[in-house]
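Please look through the sequence and the structure below before reading on. The report that follows takes up aromatic rings and then charged side chains.

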Amino acid sequence: MDTVLDRHAKLLPDTGEPGFGVYVHWPFCAAKCPYCDFNSHVRHQPVDQERFTAAFLKEMAWMRQMSGPKTVTSVFLGGGTPSLMHPNTVSAILDGIAKNWHMPDGIEITMEANPSSVEAERFRGYRAGGVNRVSLGVQALNDRDLKFLGRLHDVEDALKAIKLARDIFPRMSFDLIYARPKQTVAEWEKELHQAIDFAVDHLSLYQLTIEEGTPFYGLHKAGKLIVPDGDQSADLYEATQEITARFGMPAYEVSNHAVPGAESRHNLTYWRYGDYAGIGPGAHGRLSRGSFKIATATERKPEAWLDLVEAHDHGMVEQEQLGFDEMADELLLMGLRLTEGVDLARWSQLSGRDPNPEREQTLLEHGFIERIGNSRLRCTPSGMLILDAVVADLAF
């Protein structure tokens with residue numbers, strides 16, 4: 001097993017294969033954003049990072065037993081706010097991954113970060129620890145909307161963090177949320193042009209969604225938060241696709257845009273339906289066992305997860321063997337998000353059938369899907385707007 005990493009090796013290219021990813025979830029945030037339904041928690045006392053690091057390493061060893069020997073193609077440190085971790089915590093986690101699986105030099109190692117000035121100062125430490133790609137949660141490029149979204153940074157903080165990230169990391173992405181209340185297409189186009197000017201090679205551009213259980217959900221239900229309707233959201237989405245493509249950062253997935261070759265390797269593992277180990281509170285995973293995949297999930301509450309790991313070497317609360325139909329549906333659901341589409345032979349192998357010819361023909365005639373040669377099927381831009389409906393039609 002690998003124990004020494006070249007933390008500054010040149011990034012390896014995408015092979016087109018699904019790969020094997022390792023996801024590590026840091027569940028803590030400085031504040032909970034009102035739109036967020038992720039497994040994130042605010043703690044007003046310092047987190048015992050040494051204790052959590054030891055637990056991550058224990059759970060890794062357990063996951064290694066489940067997965068067997070694998071070659072890691074990407075690592076993603078997500079959250080929560082992983083940039084609240086000390087650089088030595090990050091180094092210890094990456095060393096642990098290298099000790100449990102084969103971890104070639106030059107694989108993509110991504111960390112999510114919030115662009116506050118205190119966290120940005122740690123960037124050099126994260127780079128020294130092995131992180132070679134950072135994903136910044138910018139979310140908006142005007143202070144009014146940053147305040148509305150509950151962010152702790154302002155635009156000045158965001159731009160400083162973007163500049164620092166560009167200087168330190170070989171690859172950098174940042175997120176923006178659009179379809180915000182009262183946002184016009186013209187306003188979003190202006191903001192998007194700014195984002196492209198600041199970006200290096202990747203942008204994640206998400207429509208604001210109202211998730212049950214969040215403060216925004218309560219406001220929306222009470223009629224106090226009005227978001228763009230379906231037609232307005234479609235106009236914003238179409239403007240997003242047109243502008244990013246024009247400036248050389250086309251969509252490679254519903255919400256992700258990149259200069260060709262700069263796509264997120266880790267996220268491609270999810271969308272290509274590869275295997276990944278999910279480590280930490282509330283992490284999910286998919287691990288192959290023979291012809292099947294095992295869906296895993298760990299305890300969501302950080303302290304409860306910690307207790308479980310210290311008692312049993314893992315915090316897993318769910319292990320489910322997926323059937324062939326379930327795997328085929330997941331492959332379709334994930335793969336149709338990509339502009340490269342779905343490998344039909346792989347889908348047929350899992351499902352035991354070909355796509356329903358009548359339903360496929362109807363979707364083709366309406367311009368929602370298209371064939372890429374004889375081997376792949378993908379959504380058109382129009383189909384992406386109704387992706388869930390397209391998947392439902394093809395899956396049954």
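Are Trp26 and Phe56 buried or exposed? Both Trp26 and Phe56 are buried, where buried means under 20% relative accessible area, exposed over 50%, and partly exposed in between, computed with a 1.4 Å probe on protein chains only. This is a predicted model, in which local features need pLDDT of at least 70 and side-chain atom pairs count only at pLDDT 80 or more, while totals for chains, interfaces and linings use all residues. Residues are numbered from 1 along each chain as its sequence is written, and side-chain values use heavy atoms, with hydrogens and water left out.

**Aromatic rings**

A search of the whole structure finds 15 aromatic pairs; rings of Phe, Tyr and Trp (its six-membered ring) pair if their centres lie within 6.5 Å, and planes under 30 degrees apart count as stacked, over 60 as edge-to-face and the rest as tilted. The rings of Trp26 and Phe28 are edge-to-face, because their planes stand at 70° with the centres 5.3 Å apart, and both of these residues are buried. The rings of Trp26 and Phe56 have centres 6.2 Å apart and planes at 45°, so this pair is tilted. Ring pairs join Trp26, Phe28, Phe52, Phe56 and Trp305 into a cluster.

**Salt bridges**

The count comes to 21 salt bridges, each being a side-chain nitrogen of Lys or Arg within 4 Å of a carboxyl oxygen of Asp or Glu. The table lists some of them, including the distance between nitrogen and oxygen.

| Asp145 | Arg180 | 2.7 Å |

By contrast, Glu156 counts as exposed at 51% and Lys160 as exposed at 52%; both lie in helix H6 (residues 155-168), 4 residues apart, about one turn of the helix. Glu340 is partly exposed at 28% relative accessibility, whereas Arg272 is buried at 10%. Asp14, Arg272, Glu340 and Arg376 are linked in a network of salt bridges.

Conventions. Helix = DSSP H or I, 4+ residues; strand = E, 2+ residues; numbered from the N terminus.
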